[in-house]
Amino acid sequence: MHAASTSRRRTVLTLLALCAQLALLAREHLHGGVLSHHLLANPDLPAVSNWWGLLLVPLLTWWTVGSVERRARRAASAGSSLKPAPLIAFLCALAYGATLAALFSAGSPLVDYVFFGLLALALVVRLWHAEYLLGFVLAMSWVAGPILPAIFGAVIAVLSWLVHTAARALWRRLRPGVA
């Protein structure tokens, strides 16, 4: 029964993400056509169409829900709970991405600080968890499409994982008595 409810939750959330992406594309189509975004906002570089979001957003949602469910099962078998709660992590990433998107669309000079602040945040927060990436991608989709934020978010996630893994390894080496 528990497996059926988690499978249903995963399917429903994936379908909701697909519907949200379809709504975004319909809005763009009705207002001049589906947008494409150039890599690094440079017209000399290739452009990526927002149509790719129909594939990326549902796949990312499916992967995220599955990842959270696997981590929740492991935590439950260990007698603990997920920290931070995945929904809180998702909402924080959504808020961060929405702030960055709003500043970018307004042409604010604060974009650089918020953008590079994410690099600093990756040093202290485990941003490699899928819910952070999904929240960031969904929020940024309205301004930059889903592909470019996914690429940038994946780079941040890998950086965060590398920093945290190296820090743990260094800590264990310096403190051999601490498990």
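In the predicted model, the axes of helix α5 (residues 130-144) and helix α6 (residues 147-174) come within 8 Å and cross at roughly 145 degrees, and the passage of α5 by α6 is a right-handed crossing. On the α5 side this contact is made by Leu133, Phe136, Val137, Met140 and Ala144, while α6 contributes Leu148, Pro149, Ala150, Phe152, Gly153 and Ala154. By residue class, the contact of α5 with α6 comprises 10 nonpolar residues and one polar residue, with no charged residue taking part.

Helix α5 also carries Ala139, which counts as buried because its relative accessibility is 8%, under the 20% cut-off. When neighbours within four places in sequence are left aside, the residues in contact with Ala139 are Leu94, Gly97, Ala98 and Ala101.

Helix α4 (residues 111-124) consists of 14 residues and reaches 21 Å from its first C-alpha to its last, close to the 20 Å expected at 1.5 Å a residue. Within α4, the residues Val111, Val114, Leu118 and Ala122 are buried. An α-helix has 3.6 residues a turn, so residues three or four places apart point the same way. The buried residues of α4 pack against α3 (86-106), α5 and α6.

The largest nonpolar core of the model has 16 residues, of which Leu100, Leu118, Leu127, Phe136, Met140 and Ile156 touch the most other members. At least two residues of this core are supplied by each of α3, α4, α5 and α6, and the largest share, five residues, comes from α3. Among the residues named for this core, Phe136 and Met140 also belong to the α5 side of the contact with α6, and Leu118 is one of the buried residues of α4. For Leu127, not counting residues up to four places away in sequence, the residues touched are Leu118, Leu121, Ala122, Tyr132, Ile156, Ala157 and Ser160. Another core, of six residues, lies apart from the largest one and includes Leu60, Phe90, Leu134 and Val137; of these, Val137 is also listed among the α5 residues that make the contact with α6.

Note on methods
Residues numbered from 1 in each chain as written. Predicted model: local features only at pLDDT ≥ 70, side-chain atom pairs only at ≥ 80, totals over all residues. Heavy atoms only, no water. Helix = DSSP H or I, 4+ residues; strand = E, 2+ residues; numbered from the N terminus. Buried < 20%, exposed > 50% of the residue type's maximum accessible area, 1.4 Å probe, protein only. Contact = heavy atoms within 4.5 Å. Axes fitted to C-alpha atoms, helices over the stretch in contact; angles between N-to-C directions. Left-handed = near helix turned anticlockwise from the far one by under 90°. Nonpolar A, V, L, I, M, F, W, Y, C, P; charged D, E, K, R; others polar. Expected span 1.5 Å × (residues − 1). Core = buried A, V, L, I, M, F, W, Y, C linked by side-chain atoms within 4.5 Å.
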